[in-house]
Amino acid sequence: MGVQYCDFKDVDMDEIDAVVVGSGFAGGVMARELAERGGARVLVIEKRPHIGGNMYDEADEAGILVHRYGPHIFHTNDKRAFDYVRRFTEWRDYQHEVLADWYGTYLPVPFNKNSMEIAFGEEKAARLTEKLIDTFGDERKVTITELREQDDPELSEIADFVYKNVFLYYTQKQWGLTPEEVDPSVTARVPVFVSRDNRYFQDAYQGMPLHGYTPLFERMLDHDNIQVCLGVEAESVFDLEFESDEEDAPLTVINIKDRPFEGPIVYTGPLDELFLSRFGRLPYRSLDFAYETHDAEHVLPCGTVNFTVTEDYTRITEFKCLTGQESDKTTIMKEYSHSYDDPKKQIPYYAIINAENEAHYGRYRALTSALPNFHPLGRLAEYRYYNMDVIIGRALALADELVG
């Protein structure tokens, strides 16, 4: 049958039992579960001209399947989440590897035994590796803080090398920080992997949808009880009523098409935008992408190369490495991080988590606390960083709660 797309002006809200805002994994899973398990008639509102959220992919002019909102590699230890997405498409095994470009030399990331040999030479690396194993054991990840806590200058040297050459400049670019502003608690968690495993993730279940993420979402939203409206912003069709005219008065009802909507509303967008930024916009980092197509089978040695000591972009991704596509052309994407200043032109990608911003978010969240049918879900609505599998798990848990 395919996804049932509709024009919002033609929707009869008397025939809708639940509303989902957003069609990424949070919205897509909730819509499917409410429709399939709960028997609800679900309306999905999506402000973009396509479904799939940031996972949206499509063929570019060269025929290469590219991710339009940055690379998305699926990895998880949550079997329920993995089994769930496998319902909707075939998957190909893919184990992601990342290299750091260290002044033109590639180092595996996370920094490991192989990286050590490249950075320090085989003889010194063998000595350092032996110290790491004697101190911490083999096949485990050791943080910079743990290394610096040891009374051994060579172990501190490893920590300092990784900090300066793998972490610091990359983090400055990613978050727009000076070295002094880089949070020590984040630095402390930077790992050295006492292993020769070059995989970026060690999760039990890893892979990529064989035909891309967009077909996965097309099948997920293909249900008799689901209608999808594209190009519709929730804040333009939700009429919010509050307990009083006070700025912090809680939300008491959401009207849609001039009547109170009492069914579940699952909201996956930025919570501040729903309330027209009445307390000011929540801070995020945004991204710009620059695509290049080359007349070559491959131009990178693996899926992603991080530029940790040079360049103004953070990383380059070559999509054919991720998708397994075969072609005599290849497309790469350079990724630039910058501040989030204009919601009309930019996309919020990463919440900037600190005590001040969490309190700022909490003020918005408090507006919804009195409305039992309103459910914020996902990175933007919860102002958190979640991987795809965690979002799927949270959506299934909420569906369990709502459907029973």
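The legends below describe close-up views of a helix and a sheet in a predicted model. Residues are numbered from 1 along each chain as its sequence is written, and side-chain values use heavy atoms, with hydrogens and water left out. Because the model is predicted, local features need pLDDT of at least 70 and side-chain atom pairs count only at pLDDT 80 or more, whereas totals for chains, interfaces and linings use all residues.

**View 1. Helix H4, residues 122-136, and its span.** Helices (H or I, at least four residues) and strands (E, at least two) are DSSP runs, numbered from the N terminus. The 15 residues of H4 should span 21 Å at 1.5 Å a residue, and its end C-alpha atoms are 20 Å apart, which agrees; the expected span is 1.5 Å times one less than the number of residues. Just after H4, Gly137 takes a positive phi of about 95 degrees.

**View 2. Buried and exposed residues of H4.** Ala125, Leu128, Thr129, Leu132 and Phe136 are buried (under 20% relative accessible area, with a 1.4 Å probe and protein chains only). Seen down the axis of H4, the buried residues fall within an arc of 105 degrees, so they line one face of the helix; the arc is that of the directions from the helix axis to the C-beta atoms. On the other side of H4, Glu123 and Asp134 are exposed (over 50%).

**View 3. The open sheet of 3 strands, in the order E14-E15-E16.** Pairing in this sheet is antiparallel, where two strands pair if DSSP finds at least two bridges between them. Strands E14 (238-242) and E16 (259-260) stand at the edges, each with a single partner strand, so one side of each is left without a neighbour in the sheet. Strand E15 (residues 251-256) is joined to E16 by 2 bridges, and the bridge partner of Asn255 in E16 is Pro260.
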